[in-house]
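Visitor: I am new to reading protein structures, and I would like to learn how to go from a picture to a description. Could we take one example and work through it slowly?

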Amino acid sequence: MTRLIRGGRVVTAADAFDADVLIDGESVVAVGSGLEADDVIDASGCLVLPGLIDNHTHLSMPFGGTWSCDDYDTGTAAAAAGGTTCIVDFCIQYVGGTLADALEEWHGRADGAAHIDYGFHVAITDARPEVVAEMERCVAEGVSSFKVFMAYKGALMVDDEQFLAVLEQTGRTGGLVMVHCENGDAVVRYQKEAMEAGNTDPRFHAWSRPPEVEGEATGRAIRLAEWTKRPLFVVHVTCEDAVVEIQAARDRGLPIYGETCLQYLFLTVDELARPGFEGAKFVCSPPLREKRHQEVLYKALRQGALQGISTDHCPFNYSGQKELGLGDFTKIPNGLPAIEHRLSLLYDGAVRTGKLSETELVALTSHGPARIFGLDRKGTIAPGYDADIVIFDPERTQTISAATHHMNVDYDPFEGWEVRGAPRTVLCRGTTVFDDGEVVSKPGYGRYVKRSLFAPPGRQPVPA
Ligand code: URP
Ligand code: ZN
Ligand code: ZN
């Protein structure tokens, strides 16, 4: 069947222009005028954007004795409602386990449940030699990126020896290493200091992980990547201290890349000081920062030091999950719900205010992540690409609330925010998955995407 999106303004990472989009089956086949099709979708007054890619999500992630509360059904439905048509989720190796076991488990969760397309990164938490050897098989199966954590000591953290082993192995197999940059030893020291002084409330989560802790780890990670001659992607960059390290590395010509996340552009550390235990709703790592860091992040996004804005969606209910940390902030599960609101918030809060252009918005939420993470058929609207498309109404208003959002979590960090601009219709591979406020896809429509190896846009892969 052919479908035509008629009368909208197409925005890609390069251009914005009035055009119709013709879809045949799962793919875009033409962009232009005078086109006809079996089914016509009127997009007048709307922007027609490539579906967003969220390369940083944690669905049903084990953390601190509990699990993030969106699974592949609810999490991808919420993503679709917000204009995201593909996620790359973190598959976490259990300490002592294998990467194959982890991947089998994550495939089992996603298969038959996802509303939109998905891929996996593997987070390596226990880089034993036989585990490092498994990376080759992962790449062959389309898992072309590997994350290591420099924080969460005693749980997910690897030491520098293990980090180096993972970097070196990508020199043989190809693939991109992603890194969570916080000095995990320093965090433990500050956590102990706070708890011993009786400082147990959520504010001390941020106090124990200051920007210096992120900046130091970012600089160290970059040095290890430089030493091993490997590209590196720094996840969830929050602050000037980290941006300075990434910018300096790029100025030295190194293939260092990075992202920030929605929450760091819109929320500040002040949220952790909400009355009672409410601040726990805003506990994530690295923590929210002072407002001044937001301008640094926007500048880094505009000038190319950072190439993406993801969500790091990792939701925990306030009731019964965040509350695990009552009286001990170190036990608050880390993470925020954010998968649903990225496009609307960025359009209203960044594009409308002139902090980002429409094309930068697409570059940072779709095209850039597609190229960096090897999603070869996604990230733009052009013949031959998947028909992953958002028809976005810039005038549609919404008030964000846990009462109406699609995420399976009992609060919303943006509760009560009034936003102008919302997806009207969302297509994933030519099929409508969200329309006029309703998720209309069935669980299982979403398909696993094998990703190709990282190659910097327009350049050859870094030689091993
Ligand atoms: O607080 C966060 N970010 N939770 C998810 C795990 C991670 O570090 O990405
Ligand atoms: Zn992380
Ligand atoms: Zn994360």
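Predicted model: local features only at pLDDT ≥ 70, side-chain atom pairs only at ≥ 80, totals over all residues.

Visitor: Which residues have the most contacts inside the largest nonpolar core?

Guide: The general idea is that in soluble globular proteins, nonpolar side chains tend to be buried together. Here the largest nonpolar core has 128 residues, and those with the most contacts inside it are Tyr 72, Phe 163 and Leu 232. Helix α12, residues 342–351, gives the most to this core, with six residues. A second, separate core has 15 residues, including Val 28, Ala 387, Ile 389 and Ile 391.

Visitor: With neighbours within four places in sequence left aside, what is Phe 163 in contact with?

Guide: Once those neighbours are set aside, Phe 163 is in contact with several residues, among them Val 148, Met 150, Val 177, Ala 221 and Leu 232.

Visitor: How should I read helix α1, and how many of its residues are buried?

Guide: A residue counts as buried when its relative accessible area is under 20%. In helix α1, residues 72–81, eight of the 10 residues are buried, so the helix is largely enclosed by the rest of the structure. The buried residues include Tyr 72, Gly 75 and Thr 76, and what covers the buried residues of α1 includes α2 (99–110) and β17 (418–428). At the start of α1, a side-chain oxygen of Asp 71 reaches to within 3.0 Å of the backbone nitrogen of Asp 73, while just after the helix Gly 83 takes a positive phi of about 95°.

Visitor: For a metal site, which protein donors does the zinc ion (ligand 3) have?

Guide: They are His 56 (NE2), His 58 (NE2) and Asp 312 (OD), lying 1.9 to 2.1 Å from the zinc ion (ligand 3). The four donor atoms around this ion subtend angles of 87 to 136°, which makes the arrangement irregular. The zinc ion (ligand 2) is 3.8 Å from the zinc ion (ligand 3).

Visitor: Where do His 56 and Asp 312 sit in the chain?

Guide: His 56 is in strand β6 (residues 52–57) and Asp 312 is in the loop between β15 (308–310) and α12, so that the pair, 256 residues apart, links distant parts of the chain. Both residues are buried.

Visitor: Finally, which residues are closest to ligand 1?

Guide: Of the 13 residues that surround ligand 1, the closest are Tyr 152, His 180, Ser 285, Asp 312 and Asn 334. An oxygen atom of ligand 1 is 3.0 Å from an N or O atom in the side chain of His 180, and a nitrogen atom of ligand 1 is 3.0 Å from a polar backbone atom of Asn 334.

Note on methods: Residues numbered from 1 in each chain as written. Chains lettered and ligands numbered in written order. Heavy atoms only, no water. Core = buried A, V, L, I, M, F, W, Y, C linked by side-chain atoms within 4.5 Å. Buried < 20%, exposed > 50% of the residue type's maximum accessible area, 1.4 Å probe, protein only. Helix = DSSP H or I, 4+ residues; strand = E, 2+ residues; numbered from the N terminus. Contact = heavy atoms within 4.5 Å. Polar contact = N/O pair within 3.5 Å; in protein donor to acceptor, adjacent residues only side chain to side chain. Donors = N, O, S within 2.8 Å, 3.2 Å for Na, K, Ca; no water. Tetrahedral: all angles 85-135°; square planar, octahedral: opposite > 155°, others 65-115°. Near = heavy atom within 4 Å.
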